[in-house]
Each structure stands twice: as structure tokens, then as C-alpha cells.
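Biologist: Hi! I'm new to this one, could you walk me through it?
Modeller: Happy to, let's bring it up first.
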Amino acid sequence: MPVLLLADWGVPPPMLLGLIIGLLVVGLIFYFYVLPKKDLPPEVDPVEIAIDPLIPSGPKSLLGPDVRVYNVPVRIVAIVVAQAGRGHDLISEETLRGLMDHFLPHMMSVVRAHRPDVYRWPGQMSTKGFSQRFFSQANLPGQHGEGTPWLALSGRADYQGTGYLIGLVCCADDDNPLGQITVQQKQQWTDIVRIS
């Protein structure tokens, strides 16, 4: 049985090439402009954390609860919260308050006393990605805060069946070796951060 080629039908090779390119162009136009698209929420970049590492912000002058990170007294200067997973709205004030006291007991008392800047970021895909972005945005002085009064913690906490990603920027009165701390398990928050 003989195989028939387009060349056998009298179609010259340049014309065949033009036909193939034309079909590809029509296919791409159909794919990009005609097919319906998923409605994805617009990407919103997290707001940069504004701290001034040259201004001492330790806990010496504070009244209220004592906060210690690995037994180093600190003042919480900034809190960053994002819901785990993309496509979520910024969390509400009510959810934020409930989450604060849930992930660390008496945290709302600390927030009232320390008066940190609170940043609500859009949903983040992973704890690791959130931590990298958070530590980058915190921009601690020196070698990621090590050997300075500044430190940052990042990790995950669950509240009402939903995962949240939390970052804390803290300042001690004296230099310390802590720097950037990643909370690996959500149960570790109370081991690393003590409020009394």
C-alpha cells in the first residue's frame, strides 16, 4: 500500500511549512484569547516591615508582661500574619485577636503593652517560603541579627482549623546570638517564647 504525502498531491514544501505555522498561530490565539480563564485573585506583594535597627527598642522601659525568647528578655516590635495558602483575603481584626491569644497565651496583653506594628500579608503557599520572605523583609542588622539586639521568629500556628503563618520581630536590650529563628513545629512556640 503506497503512502501518500502532501508532496505527492502537488503541495510544495514551503506551502506546507506555511500551513503548519498558520495552524499553530490559530491554535495559540484560540488558547490564549478564546478559552475561559480561571479567576485567580490578584497577586499582592507583602508590605515591607519598617523597623529602624539604629533606634534601641528593648524591653527595659516597658510596663506589662515580660516576654522572653530563649530566656532573653525582648520587646515585640513587629508582628506579621498571613493565612497559609494562596488566594485568601487578609485576615480580619477579630481573627487576628483570637489567633494572637491562641498561639501564645496572653499575647494580646503583650500587644497592648508593647504596641508592635502589625502587618497582614496575603496568603502564602508554604511556611518555608513565608519564613524566607519574612526574614528578608525584616532586614535585621549585622549577620541576620546575630550579635545585635535584634531577632526574628517565624513559624506556623493553627486557629479554628485554619493554618496561619506568623513572624515576630523583637529587640532585646543587649546584643545576643539569636538572630533568625524558625519555629519548626507549631507546638514549639510556647517553648521558644515565654510570656509571664
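Modeller: One term before we start: a residue is called buried when its relative accessible area is under 20%. Also, please keep in mind that this is a predicted model.
Biologist: Thanks! Is Cys 171 buried or exposed, then?
Modeller: Cys 171 has 1% relative accessibility, so it counts as buried. Cys 170 also comes out at 1% and counts as buried.
Biologist: How many disulfides are there?
Modeller: The count is zero. For Cys 170, the nearest cysteine sulfur belongs to Cys 171 and lies 8.8 Å away.
Biologist: Switching topic: how many residues does helix α4 have?
Modeller: Twelve, covering residues 127–138. From first C-alpha to last, α4 reaches 16 Å, close to the 16 Å expected.
Biologist: Which residues of α4 are buried?
Modeller: Phe 130, Ser 131, Phe 134, Phe 135 and Ala 138. Looking down the axis of α4, these buried residues fall within an arc of 125 degrees, so they line one face of the helix.
Biologist: What do they pack against?
Modeller: Strands β2 (72–83), β4 (148–159), β5 (162–176) and β6 (180–183).
Biologist: And which exposed residues are on the face turned away?
Modeller: That face of α4 carries Lys 128, Gln 132 and Ser 136.
Biologist: Last one: what follows α4?
Modeller: Asn 139, with a positive phi near 50 degrees.

How values were computed: Residues are numbered from 1 along each chain as its sequence is written. This is a predicted model: local features need pLDDT of at least 70, side-chain atom pairs count only at pLDDT 80 or more; totals for chains, interfaces and linings use all residues. Side-chain values use heavy atoms; hydrogens and water are left out. Helices (H or I, at least four residues) and strands (E, at least two) are DSSP runs, numbered from the N terminus. The expected span of a helix is 1.5 Å times one less than its number of residues. Buried means under 20% relative accessible area, exposed over 50%, partly exposed in between (1.4 Å probe, protein chains only). The arc is that of the directions from the helix axis to the C-beta atoms. Contact means heavy atoms within 4.5 Å. A disulfide is a pair of cysteine sulfur atoms within 2.5 Å.
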